[in-house]
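Q: I have a model open and would like to talk through how its parts pack together. Can we start right away?

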Amino acid sequence: AGFKALQALPGEKRSMMANQFNLMGIIHSVRTEYSQAQACYQKALTLQIELLGDHDKALAPIYNNIGSSYFNQGNLTEALVNFEKAGALELEFYGPRYVGLASNYSNIGSIYLYQGLISESKKKFQMALTLQLELRGPNHPELATIYNNLGGAYFKSGSYDMALKYYRKALDLKLQAFGARHPDLISAYSNFGTVNIKRGEYALALDFLQKALSLQLEIYGPHHPGITTIYNNLGAVYKALNAYDLALVYYEKTRASRLEFKDLQVEDISNDDYNIGTIYYDQNKFDLASVYFQKALEANLKAFGPNAPDLAIIYGDFGSLHQSLEQYDRSLEHHDKALTLQLEQLGPRHPETALTYVKIGNVYENKGSDSLAQEYYEKSLAAFLPDYRGSHVYAGRTITSPDVLKFTLPMKARAL
């Protein structure tokens, strides 16, 4: 009844109320109260459409805000619909050189990245970068967000050196614009830590993650939602250093932080279950590992369907778990599922695809099928080395991925 009364107000007052609802939505978003934010944005949109019609430039920022609220709740489909509506209005009313389009391109690129559409996401981020550089030059602070997004896209594609390049650009801009004690540096340090885990630079990763944690605690204290990601990344680096007890401590801190701030998106909870499962796996506690892997698998399937990007990782670890239990047929079943998704989403020449080929080769070797083992070791080299055509190309080459190196080098003679 209250909202209907607002809809009956004169035009000027109705417009003021629409702006108030939009501002209330922004406040809820800052507090990570995304469902409340979405409700406010929807009321703002309804009032403005009734006042201005459904084709007015004033609707664009509201559509962007609604898109962000859906994105933060994990509803990528509705987020994309609203970002596209905002972008269409901005393009029509302001033209192709409107700086707000850069944010719109970045938002859509972020959705593509979450959907596993890495190439499409890079194109959108590059469009945003080109527009920002043209309109604002190379030193504007907002470029840091685009560089960070590009770093994330290259990270997802397995191009860790390129990811590091863009993360460095983002960090340098933030330091230049804000100084050394600004909140935006927290995510920059955290990203540096994450990519260095993948590069096998664990000491460097730990150094940057500790910088992120220190700054987070200094600025916000221990009870802030931003600390969740840092705890998660610290768990990952301690796991890589085989410090499993510390890793488990930080993964449990991650889960506790999510519960404290009701940050219970399915993808994040699934990642927590998966991470805890990997610790139990590394400790040879296979029953517990299987329980947590299964939770992660079911959550991903329910939320995102059979083509969710993270499913390949979970299937791969299930495959390794069954191999450790000498259940080779079940191991191959799960590795095959992982490989199918990786070939579809990442392509045949990607470090993760290469690693799955190696794992399948290991299973066949354990089964005594040497010819099949050799076939998959060869496929792993072809996937990892762009110019691999046979054994002669591999001679003297250096594989830079620690995971592929770990599995491939002991098998080099058979693979060739």
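Q: Which hand does the crossing of helix 6 and helix 8 have, left or right?
A: Helix 6 passes helix 8 in a left-handed crossing, left-handed being the term when the near helix is turned anticlockwise from the far one by less than a right angle, and right-handed when clockwise. Helices here are DSSP runs of H or I with at least four residues, strands are runs of E with at least two, and both are numbered from the N terminus. This is a predicted model, in which local features need pLDDT of at least 70 and side-chain atom pairs count only at pLDDT 80 or more, while totals for chains, interfaces and linings use all residues. Residues are numbered from 1 along each chain as its sequence is written, and side-chain values use heavy atoms, with hydrogens and water left out.

Q: And at what angle do helix 6 and helix 8 pack?
A: Helix 6 (residues 100-114) and helix 8 pack at about 20 degrees, and their axes are 11 Å apart. The axes are lines fitted to C-alpha atoms, for helices over the stretch in contact, and the angles run from 0 to 180 degrees between N-to-C directions. Helix 6 is therefore roughly parallel to helix 8, given that angles under 35 degrees count as roughly parallel, over 145 as roughly antiparallel, 65 to 115 as roughly perpendicular and the rest as oblique.

Q: Which residues make that contact?
A: Helix 6 contributes Ser-106, Ser-110 and Leu-113, and helix 8 contributes Ile-146, Asn-149, Gly-152, Ala-153 and Lys-156, where contact means heavy atoms within 4.5 Å. Sorted by class, the contact of helix 6 with helix 8 has 3 nonpolar, 4 polar and 1 charged residues. In that scheme Ala, Val, Leu, Ile, Met, Phe, Trp, Tyr, Cys and Pro count as nonpolar, Asp, Glu, Lys and Arg as charged, and the others, Gly among them, as polar.

Q: Is Asn-149 buried or exposed?
A: Asn-149, which lies in helix 8 (residues 143-156), is buried, with a relative accessible area of 15%. Buried means under 20% relative accessible area, exposed means over 50%, and partly exposed is in between, using a 1.4 Å probe and protein chains only. Not counting residues up to four places away in sequence, Asn-149 touches Ser-106, Ser-110 and Phe-125.

Q: Switching to helix 10 and helix 12, how do they cross?
A: The axes of helix 10 (residues 184-198) and helix 12 (residues 227-240) come within 10 Å and cross at roughly 20 degrees, so the two helices are roughly parallel to each other. Their crossing is left-handed.

Q: What meets what there?
A: From helix 10, Ile-186, Ser-190, Thr-194 and Ile-197 meet Thr-229, Ile-230, Asn-233, Ala-236 and Val-237 of helix 12. The residues of this contact divide into 5 nonpolar, 4 polar and no charged.

Q: Which residues touch the most other members of the largest nonpolar core?
A: That core has 68 residues, and Tyr-147, Leu-150, Tyr-189, Val-195, Leu-234, Val-237 and Tyr-238 touch the most other members. A nonpolar core is a set of buried Ala, Val, Leu, Ile, Met, Phe, Trp, Tyr and Cys residues joined through side-chain atoms within 4.5 Å.

Q: What is Tyr-189 in contact with?
A: Leaving aside its neighbours within four places in sequence, Tyr-189 is in contact with Leu-171, Leu-175, Phe-208, Leu-209, Lys-211, Ala-212 and Leu-215.

Q: Then helix 3 and helix 4, how do their axes cross?
A: The axes of helix 3 (residues 34-52) and helix 4 (residues 60-72) come within 9 Å and cross at roughly 155 degrees, and the pair is therefore roughly antiparallel. The crossing of helix 3 and helix 4 is left-handed. By class, their contact has 9 nonpolar, 6 polar and no charged residues.

Q: Where is Asn-284 found?
A: Asn-284 is found in the loop between helix 14 (266-282) and helix 15 (286-304), and at 57% relative accessibility Asn-284 counts as exposed. Its phi is near 65 degrees, a positive value in a residue other than glycine.

Q: Last one, how many helices and strands does the chain have?
A: The chain has 22 helices and 0 strands, and of its 416 residues 47% count as buried.
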